[in-house]
Amino acid sequence: MKTFINIILTVLIAFILGLFLPWWSVMIAGFIMGAVVGLKKASSFFVPFLAIALLWIVNAWFLAQPNDFTMTKKIAVLLPLEGNTFLLFLITGIIGGIAAGVAGVFGNQCKQLIAGKK
Amino acid sequence: MAILLIGFRPLYLKSTSIHYFMKSVKFLVSLLFTLGIFYGLNTKFGDIPPMGKFLSPNQGFWKNEVTESDVAKETLEISGLKSPVTVHYDESLIPHVFAQNDEDLYRAQGYITAQHRLWQLEFQTFASGGRLSEIVGEAAIEYDRGQRRKGMGFGADNALKEMMKHPEEVKLLEAYRDGINAYIESLSVGELPVEYKILDYQPEPWTTKKTALLLMYMTDMLAGRDVDLENTNFVKLFGQEIFDLLFPNFYADQDPVIPQERDWSSFDLETVEKPDVDFPSDFIKETMDKPNPHNGSNNWAIAPSKSVSGNPILANDPHLQLNLPSIWYVMQLATPEKNTFGATLPGAMGIIIGFNQNIAWGVTNATRDVKDWYKIEFQDENRKAYKYDNEWKATTEVIEEIKVRGKSTVYDTVTYTHYGPVTYDHTFKGNGEKVGYAMKWTGHLPNNNQQTFLDLNKATNYAEYAAALKHFTAPAQNFVFASREGDIALWIQGELANKWPEQGKFLMDGSDSRYEWQSFIPQNQNAYVKNPERGFVSSANQHPTDEKYPYYVYDDGYETYRNRVINNFFRSKEKFNIQDFKDLQADNFNLKAAELIPTMLDSMDRSSLTAHEEQMLSTIEDWDFNNNIDAEGASIWEKWWDNLYRMTWDELYNLDVAINRPSDYQTIWLLKNQPNHPWFDRKETPEIETAKELYFQSFRDAVQDLTVWQSRTGKSLKWVDYKGTFVGHLLQALPAFSRFNLPIGGNSGIVNATSENHGPSWRMIVELGNEPNALGIYPGGQSGNPGSKFYDNMIDRWAAGEYIPLFFMKSADQASDHIIFSQNLSPAK
């Protein structure tokens with residue numbers, strides 16, 4: 001339950017930051033979760049990872065679906081994924097997730113370092 | 001900070017220190033990891049876009065997953081507008097722009113063009129000015145050097161200076177510029193066209209110079225081709241006699257643009273004397289890549305007397321490389337004073353090919369040798385001066401700064417003479433330290449080509465059309481014209497040097513003033529025809545006139561087939577209608593094949609053919625000479641012809657100097673008229689070949705080649721499969737953004753001039769009745785966004801030979817089902 005709330009919280013923070021910051025706003029969101037909210041161990045990676053993967057995939061879906069995936073299909077050829085749009089959504093989620101997850105771990109380490117100094 | 005903490009930590013804190021040390025290491029590792037991930041996802045590696053940026057739904061390509069009609073803002077504030085501008089978009093996303101004055105009109109044109117075509121708009125001017133290395137890196141350096149050495153920027157500066165002399169025009173140019181920039185400024189990072197995201201760069205502000213560069217891009221595409229140096233090499237290698245046979249100034253049995261009946265006796269001639277000089281004889285190893293020789297077009301118009309409805313009808317289809325986004329963008333541009341519709345060039349003001357209530361006009365390229373070469377003899381290795389009539393004349397040095405993405409800037413020194421830039425010198429395909437080859441090109445002349453289009457847009461009759469053309473310098477064009485009043489006309493307009501016979505056909509001696517261009521053909525003596533008796537005018541890049549035209553005319557690349565098919569079509573019956581025009585634009589009749597295949601078949605010794613060969617030959621025999629999509633005969637013929645051509649001119653391949661090869665027309669003329677010519681002997685075989693043996697062997701090879709091709713590709717021999725027409729994205733035909741294997745017939749040399757990646761880039765038909773009735777189509781779509789449904793929506797209809805009706809709105813408040821959404825552009829407060 002707590003994990004679920006943390007995921008929602010990460011999504012919210014990332015969403016708000018994303019309104020005025022570039023793509024790396026998701027890294028800041030991950031960092032905040034790790035450093036301020038205080039995720040423990042593995043969850044400092046996986047909570048931001050899952051949250052941002054979810055955010056990006058859902059966000060991308062809502063952009064692409066109303067336009068019949070016109071661009072999605074083309075980028076799935078460009079990248080090159082042999083036109084597999086499912087894979088493109090997945091990779092989008094993973095990339096966003098990794099960026100946020102790594103920042104989450106870093107946030108957590110910062111917190112620990114500061115805490116350790118006391 | 002972390003590093004400092006570790007470094008200065010006192011050593012006596014033993015038990016906690018290991019624990020703390022581990023924390024610090026973890027911290028450091030996670031920091032480096034985070035930075036690494038950030039850098040890795042925010043940076044472009046080779047062709048791979050920065051993945052974090054690119055895949056992010058709030059700034060990456062997902063944001064380009066939009067179709068304009070779904071997201072258009074109803075009201076836009078644009079600073080600088082004097083009055084509100086209304087824009088209606090029809091079902092093809094063609095904007096119908098209604099402004100209160102010209103300045104607002106062109107400001108809106110800039111804004112709206114940028115809205116749909118920003119990346120292309122900018123990319124083309126980078127390509128023109130030799131700045132592609134800034135975007136794509138070192139791969140483009142040689143291309144960029146070539147553009148600079150052609151003097152693309154020099155020509156654009158000269159044009160801009162001329163335009164600046166006309167304050168009224170400058171106001172419009174600046175309004176257009178500001179319109180584009182208003183759009184660029186309005187963009188968020190996420191709204192940038194997807195190509196910027198793939199290549200990871202940002203647009204820069206538009207300038208008036210960029211408009212001049214865009215026009216230079218067209219000039220180079222259409223008037224940048226010449227073979228003078230290749231001609232010099234040919235004569236030096238093989239002699240003048242064979243050169244004259246293979247490259248005649250006039251081809252036999254052609255049907256020139258200006259009807260042969262035209263009488264020129266009213267011209268008050270300005271004659272030039274041929275001086276007693278010999279052309280220099282150098283070998284030039286290598287020349288720059290030339291524009292596509294197939295760049296050309298068709299246009300025609302019929303007079304009321306030849307029209308079923310009694311209204312004049314005009315048509316035009318420019319043949320260019322087939323690209324996405326398309327080179328054309330279609331608009332209606334109206335003010336209370338004028339109302340014009342047609343194809344625009346993103347980057348230039350006004351309509352380039354189009355119509356209004358009263359007139360219609362179109363262009364085809366009026367090929368002419370407008371680029372000449374002068375051999376420059378430098379005083380010494382410093383190249384500060386060159387010889388000119390026993391004096392040393394000072395050169396000017398221009399240091400071209402070519403910025404290269406991810407690498408250090410390249411500097412290229414280009415020497416200028418009074419002729420123009422020394423394109424070829426010791427650092428660029430030249431012949432040593434003290435020799436250079438300077439270009440003299442009408443493309444560099446100060447000009448106000450832009451004004452011609454602005455004037456044509458508002459012209460209402462023949463006199464205004466003819467007056468508008470006077471500004472037009474290069475690339476020389478065949479301007480076809482029709483008016484509601486019932487006039488038809490065709491002017492061949494450009495600033496054309498008045499040359500003595502053969503002047504500039506070969507390399508000339510730059511140290512001798514007798515080789516100089518002495519004057520230009522007076523504008524009013526350019527070849528033209530108004531209301532000819534035959535009731536139609538037409539052009540297809542063929543000879544402008546026959547030999548009776550009193551000025552010297554030369555080009556290596558005159559068209560030889562389309563012109564005769566078109567003119568014969570208009571001689572075939574009394575009266576024509578729009579359907580006839582459509583049929584002609586889609587006509588796949590292959591006159592070249594029809595002129596040679598009977599001769600080839602007659603000479604074939606069929607007894608020695610294999611069953612497979614015999615079957616292929618009978619396919620050709622049964623073929624009706626139409627390059628239709630299902631025709632297998634067309635595929636066999638095209639391969640047969642390719643092989644025959646190569647075999648015929650085997651002497652002219654793999655030479656170590658630049659060379660030009662004879663035209664298809666002259667090749668066929670020679671094969672038919674002098675079948676035993678010694679050049680038909682193949683050097684690689686001991687036997688003596690004549691045309692007959694070449695036909696036979698090239699056929700055998702063709703069957704062999706096609707069999708191999710079929711087993712490799714698994715495709716049928718149908719022409720559509722063998723040709724494989726595609727429309728390629730401007731970035732080297734990125735497959736994801738291109739369209740392949742389009743079902744369309746035709747080929748170069750055919751009225752439907754669609755070859756593999758080249759052909760009718762815009763087809764337009766206009767009937768001028770009380771209201772203009774116009775049709776048009778192009779192989780692309782109005783949107784430059786590959787994520788839009790309007791990106792390539794016209795391609796299939798174009799391939800099928802269909803048109804979209806060009807919906808000519810009379811006013812902004814005309815109600816219509818055609819309009820899918822509207823925008824109000826209002827002055828920013």
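## Strand pairing in the sheet

Two strands are taken to pair if DSSP finds at least two bridges between them. In this predicted model, strand β3 of chain B, residues 95–98, and strand β7 of chain B, residues 329–335, meet that condition, since they pair in the parallel sense over 3 bridges. Within this pairing, B:V97 has B:L333 of β7(B) as its bridge partner. In general, the strands of a sheet pair through backbone hydrogen bonds, in either the parallel or the antiparallel sense.

The two strands belong to an open sheet of 11 strands in chain B, whose order is β1-β30-β2-β3-β7-β8-β9-β10-β18-β19-β23 and whose pairing is mixed. At the edges stand β1 (75–78) and β23 (528–530) of chain B, and because each has a single partner strand, one side of each is left without a neighbour in the sheet. From one strand to the next, the twist averages 20 degrees.

## A helix on the sheet

Helix α15 of chain B, residues 462–469, packs on the sheet and touches β18 (477–483), β19 (488–493) and β23 of chain B. The direction of α15(B) makes about 10 degrees with that of β19(B).

## The largest cavity

The count of cavities of 30 Å³ or more comes to 5, and the largest of these has a volume of about 240 Å³. It is lined by 20 residues, of which B:M218, B:L222, B:I352, B:P475 and B:Q477 are the closest to its centre.

Two or more lining residues come from each of α11 (208–223), β5 (313–321), β10 (359–365) and α14 (449–458) of chain B, and the largest share, 4 residues, comes from α11(B). One of these contributing elements, β10(B), is also a strand of the open sheet described above. By class, the lining of the largest cavity holds 14 nonpolar and 6 polar residues, with no charged residues.

## The second largest cavity

The lining of the second largest cavity comprises 6 nonpolar, 2 polar and 7 charged residues, whereas the lining of the largest cavity has no charged residues.

Methods. Residues numbered from 1 in each chain as written. Chains lettered and ligands numbered in written order. Predicted model: local features only at pLDDT ≥ 70, side-chain atom pairs only at ≥ 80, totals over all residues. Heavy atoms only, no water. 1 Å grid on protein atoms, 1.4 Å probe; cavity = no way out; pocket = protein on both sides within 12 Å on 5 of 7 lines; lining within 4 Å. Points joined across faces, edges and corners; volume = space filled by probe spheres on them. Nonpolar A, V, L, I, M, F, W, Y, C, P; charged D, E, K, R; others polar. Axes fitted to C-alpha atoms, helices over the stretch in contact; angles between N-to-C directions. Contact = heavy atoms within 4.5 Å.
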